[in-house]
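I opened this notebook to record what I looked up in one structure. The entries follow the order in which I consulted it.

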Amino acid sequence: MGIIRLIYENISKKPKNKKAIAYIEKQESNSNISECYEPAFIQMMERHNEKVIEELEALIDVNMPAQILDVTGGRGQNLSILKKQYSDADYTLIERNEENIIYAKAILGEEVTYINRNSLQYLQVCLPDTFDIILCMWPNKATVLDALIEECTRVLKPQGKLLIITSLRDTLPEIVNIYHKLFVKYNNKVNAVKLVNGLPTDIKKLNKKCEKMKLKTHVCKEIRHISGFASAKVLVSWILQSGVMTDYEAILSLRDKKVRDDMIAMLEEKQINWVTQRFVYGIWEKN
């Protein structure tokens with residue numbers, strides 16, 4: 001795919017909305033160059049997962065027994081970090097992808113409870129005040145995060161901790177803007193699929209939702225991550241391979257060569273060969 005430059009930026013510019021300033025914490029700036037975007041991108045995600053788990057360790061007694069739930073379990077990386085710290089805990093991992101569960105079992109072993117089910121559906125049948133710690137890392141766009149937070153809060157024990165990392169709704173704006181132009185140009189090829197985006201619009205909205213659920217904020221940080229690509233063609237290839245725009249792909253597919261070539265041409269015309277991801281991570285406690 002060619003060399004791709006990954007830049008992790010500070011949010012150093014003041015947002016236009018002055019009320020949002022208080023909710024944005026500047027992050028360390030560093031850079032990294034990788035020959036393959038996907039592994040580097042996953043490493044970036046895991047770095048922030050590790051950060052929020054490290055901050056959790058300052059708020060808990062790792063020697064106390066605990067019930068720990070990961071509602072976006074993936075391949076078990078987050079629970080593997082917690083298992084190194086927590087000597088006496090029962091772990092439950094929810095993951096809809098069976099291949100990911102097989103991978104997680106190889107890392108975590110059979111002592112973890114694995115649930116191959118939709119997270120929200122599982123939470124809805126759980127008893128209140130069940131878990132001491134719940135992880136909700138990188139829910140997809142189709143997840144209605146408000147509903148997930150409500151159920152996580154219900155099943156958390158008093159003083160239980162909820163860890164969230166989520167993209168914001170306006171993530172990848174460069175690609176979204178191009179897609180909207182393509183929808184107009186190729187209206188005859190557009191599928192009638194309703195866009196579902198349950199992600200928060202900004203860090204302030206996420207904090208307000210958590211406060212409404214009587215959750216106390218311990219940590220809440222917003223991060224902007226810019227990923228550069230060798231060319232617009234490489235960028236479009238990544239969009240197809242990574243599945244980051246699956247909701248838009250359902251409406252108008254880049255697998256159509258004419259549509260794909262037009263996206264590349266529009267990006268080249270604007271000299272865009274990068275994407276901007278905005279996301280939030282935080283720790284909240286149930287009162």
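**Entry 1**

I began with Lys209 and Glu150, whose side chains meet in a salt bridge with an N to O distance of 2.6 Å. This pair links distant parts of the chain, as Lys209 belongs to helix H7 and Glu150 to helix H5 (residues 145-155), 59 residues apart. I then looked up the exposure of each partner. Lys209 is buried, with a relative accessible area of 11%, whereas Glu150 is partly exposed at 35%. I note here that the model I consulted is predicted.

**Entry 2: The whole protein**

I next turned to the overall figures. I counted ten helices and nine strands in the protein. The chain has 287 residues, of which 48% count as buried. The protein exposes about 14,700 Å², and carbon and sulfur atoms supply 49% of that area. Among contacts with a separation of 6 or more, 79% are between residues 24 or more positions apart.

**Entry 3: Strand E6 and its neighbours**

Is strand E6 enclosed or open to the outside? I found that six of the seven residues of E6 (residues 131-137) are buried, so the strand is largely enclosed by the rest of the structure. I then looked up its pairing partners. Strand E3 (residues 66-70) runs parallel to E6, and three bridges join the two. Within this pairing, Ile68 stands opposite Ile133 of E6. Strand E7 (residues 156-167) also pairs with E6 in the parallel sense, over six bridges. There I noted that Phe131 has Leu156 in E7 as its bridge partner.

**Entry 4: A side-chain link between E6 and E7**

The side chains of Asp132 and Lys157 meet in a salt bridge, at 3.3 Å from N to O. Asp132 lies in strand E6 and Lys157 in strand E7, so the pair ties together parts that are 25 residues apart in sequence. Lys157 is partly exposed, with a relative accessible area of 27%.

**Entry 5: Further salt bridges**

How many salt bridges does the count come to? The count comes to twelve. Side chains of opposite charge can pair when their charged atoms come close.

Another of these joins the side chains of Asp129 and Lys286, at 2.9 Å from N to O. I compared the exposure of the two residues. Asp129 is partly exposed, with a relative accessible area of 39%, while Lys286 is buried at 13%.

I also recorded a network of salt bridges that links Asp170, Glu222 and Arg278.

**Entry 6: Val190 in a loop**

My last entry concerns Val190. I located Val190 in the loop between helix H6 (173-185) and helix H7 (203-212). Which residues does Val190 touch, leaving aside those up to four places away in sequence? I found Phe183 and Ile251. Val190 and Ile251 are 61 residues apart along the chain, and their C-alpha atoms are separated by 5.4 Å. Val190 is partly exposed, with a relative accessible area of 31%, a value that lies between the limits of 20% for buried and 50% for exposed.

Notes
Residues numbered from 1 in each chain as written. Predicted model: local features only at pLDDT ≥ 70, side-chain atom pairs only at ≥ 80, totals over all residues. Heavy atoms only, no water. Helix = DSSP H or I, 4+ residues; strand = E, 2+ residues; numbered from the N terminus. Buried < 20%, exposed > 50% of the residue type's maximum accessible area, 1.4 Å probe, protein only. Contact = heavy atoms within 4.5 Å. Areas by Shrake-Rupley, 256 points an atom, 1.4 Å probe, with all protein chains shown as cover. Pairing = 2+ DSSP bridges. Salt bridge = Lys/Arg side-chain N within 4 Å of Asp/Glu carboxyl O.
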